[in-house]
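Please report on the fold below.

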Amino acid sequence: MKRILIIGCCGAGKSTLAQQLGERLRLPVYHLDRLYWRKDWARTPSDEWKRVVQNLCATAEWIIDGNYASTMDLRLSACDTVIFLDYPRRVCLWRILKRRIFYHRRARSDIADGCSERITWAFLRWVWCYRRDYRPELLAKLNALDKNVTVLAFSDPTQTAKALLK
């Protein structure tokens with residue numbers, strides 16, 4: 001495992017797991033939210049964003065966490081391992097609420113400078129609809145991956161910790 005992609009619904013714990021695995025495996029960690037967003041939640045232009053992800057994927061070792069459908073195929077074709085945090089909606093929503101409270105008026109290391117923690121209706125709707133609207137396409141992409149790519153799917157945080165952080 002030298003090129004690990006961590007994906008799943010917002011609030012699943014992708015960034016936390018990436019940090020823990022990065023320390024354990026001594027691999028560089030890249031949080032896509034930190035790279036994509038600019039001050040005050042301004043988006044990176046799509047052509048520039050694609051170049052950023054291509055450059056990351058071209059390096060020899062990494063852990064990348066994040067979804068971003070526009071560059072998912074780039075990352076899936078470059079990784080040797082996918083960790084899919086396929087947690088229930090209630091787990092993700094609970095974690096988002098805890099994160100919002102914990103990081104109130106505090107900076108997160110996995111998000112761009114100048115982006116304060118926030119919860120919007122659009123964000124909550126995305127999380128609520130994730131399993132129905134986004135997960136099926138993601139599962140199809142995972143099922144179509146080359147057999148040399150290891151896919152680890154976890155439906156429970158305890159299962160993830162036992163398998164990866166023991």
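Two strands pair if DSSP finds at least two bridges between them. Strands (E, at least two residues) and helices (H or I, at least four) are DSSP runs, numbered from the N terminus. The model is predicted: local features need pLDDT of at least 70, side-chain atom pairs count only at pLDDT 80 or more, and totals for chains, interfaces and linings use all residues. Numbering starts from 1 along each chain as its sequence is written, and side-chain values use heavy atoms, leaving out hydrogens and water.

**Sheet.** Five strands make an open, parallel sheet in the order β2-β3-β1-β4-β5. Its edges are β2 (29-31) and β5 (150-154), each of which pairs on one side only. From one strand to the next, the twist averages 15°. β4 (residues 81-85) pairs with β5 in the parallel sense over five bridges. Within this sheet, Val82 has Val151 of β5 as its bridge partner.

**Helices.** Axes are lines fitted to C-alpha atoms, for helices over the stretch in contact; angles run from 0 to 180 degrees between N-to-C directions. Contact means heavy atoms within 4.5 Å. The table lists the angles.

| Pair | Angle |
|---|---|
| α6 (121-133) and α7 (135-143) | roughly 50° |
| α7 and β4 | about 155° |
| α8 (157-164) and β5 | about 140° |

α7 packs on the sheet and touches β1 (3-8), β4 and β5. α8 lies across β4 and β5. The axes of α6 and α7 come within 5 Å. These two helices are therefore oblique to each other; angles under 35 degrees count as roughly parallel, over 145 as roughly antiparallel, 65 to 115 as roughly perpendicular and the rest as oblique. Tyr130, Arg131, Arg132 and Asp133 of α6 meet Arg135, Pro136 and Leu138 of α7.

**Core.** A nonpolar core is a set of buried Ala, Val, Leu, Ile, Met, Phe, Trp, Tyr and Cys residues joined through side-chain atoms within 4.5 Å. Buried means under 20% relative accessible area, exposed over 50%, partly exposed in between (1.4 Å probe, protein chains only). The largest core has 46 residues, and Ile6, Ile7, Trp37, Val82, Ile83 and Leu85 touch the most other members. Not counting residues up to four places away in sequence, Ile6 touches residues including Leu17, Leu21, Ile63, Ile83 and Leu85.

**Surface.** Is Lys162 buried or exposed? Lys162 sits in α8 and is exposed, because its relative accessible area is 60%. Lys162 and Ile101 are 61 residues apart in sequence and 27 Å apart in space, C-alpha to C-alpha.
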